[in-house]
Amino acid sequence: MEPSSAVVLTSPTIRTITSLQSELAERLDESGGVQIDATAVDRVDTAGLQLLAAFVRDLRAEMRTVEWVGCSDALRKAATALGLETALGLT
């Protein structure tokens with residue numbers, strides 16, 4: 001098994017989407033799985049969730065793993081409201 005890289009999320013919103021997109025793109029250029037720590041997420045919006053869902057989809061397409069090492073209530077509730085729990089791998 002190849003080593004994982006880590007992504008720490010704080011506020012995946014339209015305001016931070018550009019920097020988050022750059023960070024996630026770097027992880028796509030790497031190999032191995034990715035661990036996502038979203039325990040500190042206090043705000044999330046549709047743009048942030050869409051970017052995360054696309055990131056998880058792209059990793060899965062490359063047969064790479066995604067492991068959520070923590071997920072805040074705010075992120076989980078937003079994902080549930082938009083029906084993205086499965087796409088994000090939160091189920």
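Q: At what angle do the axes of helix α1 and helix α2 cross in this predicted model?
A: Two packed helices are described by the angle between their axes and the distance between the axes. Here the axes are lines fitted to C-alpha atoms over the stretch in contact, with angles from 0 to 180 degrees between N-to-C directions, and helices are DSSP runs of H or I, at least four residues, numbered from the N terminus. For α1 (residues 17-29) and α2 (residues 46-61), the axes come within 11 Å and cross at roughly 5 degrees.

Q: Is α1 roughly parallel or roughly antiparallel to α2?
A: Angles under 35 degrees count as roughly parallel, over 145 as roughly antiparallel. The crossing is at roughly 5 degrees, so α1 is roughly parallel to α2.

Q: Which residues of α2 make the contact with α1?
A: Contact means heavy atoms within 4.5 Å. From α1 come Ile17, Leu20, Gln21, Leu24, Arg27 and Leu28. Facing them from α2 are Ala47, Gly48, Leu51, Leu52, Phe55, Asp58 and Leu59.

Q: What pattern does the chain follow along the sequence?
A: There are 4 helices and 3 strands, a strand being a DSSP run of E, at least two residues. Read in order, they give β-α-β-α-β-α-α.

Q: What radius of gyration does the chain have?
A: The globule rule is 2.2 Å times the number of residues to the power 0.38, over C-alpha atoms. For 91 residues that puts a compact globule near 12 Å, and the chain agrees, at 12 Å.

Q: What share of the residues is buried?
A: Buried means under 20% relative accessible area with a 1.4 Å probe, protein chains only. Of the 91 residues, the buried share is 38%.

Technical notes:
Residues numbered from 1 in each chain as written. Predicted model: local features only at pLDDT ≥ 70, side-chain atom pairs only at ≥ 80, totals over all residues. Heavy atoms only, no water. Parallel < 35°, antiparallel > 145°, perpendicular 65-115°, else oblique. Buried < 20%, exposed > 50% of the residue type's maximum accessible area, 1.4 Å probe, protein only.
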